[in-house]
Amino acid sequence: MEIPRGNDREDIKARRQIIKDFYANWIAQHPDKKVWNKSLNAYIHIKFQSINEALGHAPKSAEATIAQMHLTEALSDAIFAKEKPPKHANQNQKRFSKILLLRWNACRLLVGVRKSTGDYELYYLSGGQKNKAVR
């Protein structure tokens, strides 16, 4: 599949559709919406907010879009790097007791630990070197 590499509106729209299609297929193949992570020795869940974050940020760069295409491998093989507190001013992070940073290849994964259940949820998957936004 060819990922558009430009930064114009049409390329971003095309990448957003690619991500939507990818997640629709991924959920069909993973109806429980979770992947076992070897480093955490636990499942990382994909929730609506995970997909919403991907659709909001990943289409902005080809690298971030490509990272989404490797979701299963990233979730499975990412290695724990550090723990940090959630940003309480951020409405989307309020439900987490802590945020874990994991690394896979050039990608960063932010995984939240849900206050109410202790479940690990993917919060954000970066696109590697060109996407250095600190979240």
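**Close-up views of a predicted chain**

**View 1. The hairpin of E5 and E6.** Five residues lie between strands E5 and E6 in this hairpin, and Gly118 takes a positive phi near 80°. Strands (E, at least two residues) and helices (H or I, at least four) are DSSP runs, numbered from the N terminus. E5 and E6 run antiparallel, joined by five bridges. Two strands count as paired if DSSP finds at least two bridges between them. Val113 stands opposite Tyr120 in E6.

The model is predicted: local features need pLDDT of at least 70, side-chain atom pairs count only at pLDDT 80 or more, and totals for chains, interfaces and linings use all residues. Residues are numbered from 1 along each chain as its sequence is written, and side-chain values use heavy atoms, with hydrogens and water left out.

**View 2. The whole chain.** The protein chain holds four helices and six strands. From the N terminus on, its elements run α-β-β-α-α-α-β-β-β-β. The C-alpha trace spans about 40 × 35 × 25 Å along its principal axes. Its radius of gyration is 14 Å, which agrees with the value near 14 Å for a compact globule of 135 residues. This radius is taken over C-alpha atoms; the globule rule is 2.2 Å times the number of residues to the power 0.38. Buried residues make up 45% of the 135 residues. Buried means under 20% relative accessible area, with a 1.4 Å probe and protein chains only. Take contacts between residues at least 6 apart in sequence: 51% of them join residues at least 24 apart. A contact means heavy atoms within 4.5 Å.

**View 3. Strand E6 and its other partner.** Five of the six residues of E6 (residues 120–125) are buried, so this strand is largely enclosed by the rest of the structure. Strand E2 (residues 42–45) runs parallel to E6, and two bridges join them. Ile44 has Tyr120 of E6 as its bridge partner.

**View 4. From E3 through E4 to E5.** Strand E3 (residues 79–84) and strand E4 (residues 96–104) run antiparallel, joined by five bridges. Glu83 stands opposite Leu100 in E4. E4 also pairs with E5 in the antiparallel sense, over eight bridges. Here Leu100 stands opposite Val111 in E5. Two residues separate E4 from E5 in their hairpin, and Asn105 in the turn has a positive phi of about 50°.

**View 5. Val111 in its setting.** Val111 belongs to strand E5 (residues 107–114). With 0% relative accessibility, Val111 counts as buried. Neighbours within four places in sequence aside, Val111 is in contact with Ile44, Lys98, Ile99, Leu100, Leu102, Tyr120, Glu121, Leu122 and Tyr123. Val111 and Ile99 are 12 residues apart along the chain, yet their C-alpha atoms are separated by 5.6 Å.

**View 6. Pro59 in a loop.** Pro59 lies between helix H2 (48–57) and helix H3 (62–69). Its relative accessible area is 2%, so Pro59 is buried. Neighbours within four places in sequence aside, Pro59 is in contact with Ile12, Arg15, Arg16, Ile19, Ala54 and Thr65. Ile46 is 13 residues from Pro59 along the chain, and the two C-alpha atoms are separated by 18 Å.

Terms used. Buried < 20%, exposed > 50% of the residue type's maximum accessible area, 1.4 Å probe, protein only.
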